[in-house]
Amino acid sequence: MLSFDPLLASATFYLADENATIALAQQLAQIVHPAQSRIHLYLQGDLGAGKTAFTRAFLRSLGVTGRIKSPSYALLESYKVSSFNLYHLDFYRFNDPEEWVEAGFRDILEEENAVVLIEWPDKAGGLLPAPDLNLFLQYENEGRRLTITAHSIKGQTWLKTITQNN
């Protein structure tokens with residue numbers, strides 16, 4: 001798991017099935033306000049733990065229509081909604097932390113009015129900036145356990161809101 005400082009807040013949710021994963025992703029999407037500033041969400045967990053399912057539901061809630069592809073092979077899928085950009089990156093195939101820099105993704109992380117979701121951020125080593133939220137999905141019984149950790153003030157605000165709603 002990545003280590004980011006400061007650790008501002010953390011909460012854990014049990015997601016009984018894919019519908020629960022989708023519902024929580026939709027709640028989070030309704031809380032964030034992409035037009036205000038850049039947003040970074042990092043998703044971690046084992047293969048099949050629900051990172052892409054969460055991301056798809058999140059992107060749909062923000063207004064993405066049409067097919068939402070996994071960026072496992074392309075590394076990046078991007079979408080334009082209203083006045084902001086949405087970027088879904090997947091670093092699973094990276095073997096060296098420098099690969100994400102060489103791929104030219106640094107500019108995306110600095111873009112204003114953008115939402116950046118990164119699966120497998122640990123593959124970039126310590127080279128990524130801290131996210132607003134780190135989402136860690138792991139198998140638990142028939143469902144998943146999602147631990148969300150805030151690493152920014154706005155991330156902490158979103159986490160507080162989502163925990164009050166659940």
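## Basis of the description

Because the model is predicted, local features need pLDDT of at least 70 and side-chain atom pairs count only at pLDDT 80 or more, whereas totals for chains, interfaces and linings use all residues. Residues are numbered from 1 along each chain as its sequence is written, and side-chain values use heavy atoms, with hydrogens and water left out.

## The nonpolar cores

A nonpolar core is a set of buried Ala, Val, Leu, Ile, Met, Phe, Trp, Tyr and Cys residues joined through side-chain atoms within 4.5 Å. Buried means under 20% relative accessible area, exposed means over 50%, and partly exposed lies in between (1.4 Å probe, protein chains only). The largest nonpolar core has 35 residues, and Leu28, Phe58, Leu86 and Leu135 have the most contacts inside it. Helix H1 (residues 18-31) supplies the largest share of this core, five residues. Apart from this core lies another, of 16 residues, including Tyr87, Leu89, Trp100 and Ala114. In soluble globular proteins, nonpolar side chains tend to be buried together.

Contact means heavy atoms within 4.5 Å. Leaving aside residues up to four places away in sequence, Leu135 touches Leu28, Leu41, Tyr42, Leu43, Gln44, Phe54, Leu146, Thr147 and Ile148.

## Helix H1

Helices (H or I, at least four residues) and strands (E, at least two) are DSSP runs, numbered from the N terminus. The expected span of a helix is 1.5 Å times one less than its number of residues. For the 14 residues of H1 this span should be 20 Å, and the end C-alpha atoms are 20 Å apart, which agrees.

The buried residues of H1 are Thr21, Leu24, Ala25, Leu28, Ala29 and Ile31. Seen down the helix axis, they fall within an arc of 160 degrees, so they line one face of H1; the arc is that of the directions from the helix axis to the C-beta atoms. The face turned away from this buried side carries the exposed residues Asn19 and Gln30. Among the elements that cover the buried residues of H1 are strand S1 (9-15), helix H2 (51-61) and helix H5 (153-164). At the N-terminal end, Asp17 caps H1, with a side-chain oxygen 3.1 Å from the backbone nitrogen of Asn19.

Seven of the seven residues of strand S4 (residues 84-90) are buried, so S4 is largely enclosed by the rest of the structure. Phe84, Leu86, His88 and Asp90 point one way from S4, while Asn85, Tyr87 and Leu89 point the other way. In a regular strand the side chains alternate between the two faces of the sheet.

Two strands pair if DSSP finds at least two bridges between them. Strand S3 (residues 76-81) pairs with S4 in the antiparallel sense over six bridges, and Ser78 stands opposite Tyr87. S3 and S4 form a hairpin with two residues between them, and Ser82 in the turn has a positive phi of about 55 degrees. S4 and strand S5 (residues 114-119) run parallel and are joined by six bridges, with Asn85 opposite Ala114.

## Selected residues

His88, in strand S4, is buried, with a relative accessible area of 0%. The side chains of His88 and Glu119 are joined by a polar contact of 2.6 Å.

Trp120 lies in the loop between S5 and S6 and has a positive phi of about 60 degrees although it is not a glycine. Trp120 is buried, at a relative accessible area of 15%. Asn141, in the loop between S6 and S7, counts as exposed at 70% relative accessibility.

A polar contact is a pair of N or O atoms within 3.5 Å; within protein, one must be able to donate a hydrogen and the other to accept it, and residues adjacent in sequence count only if both atoms are side-chain atoms.
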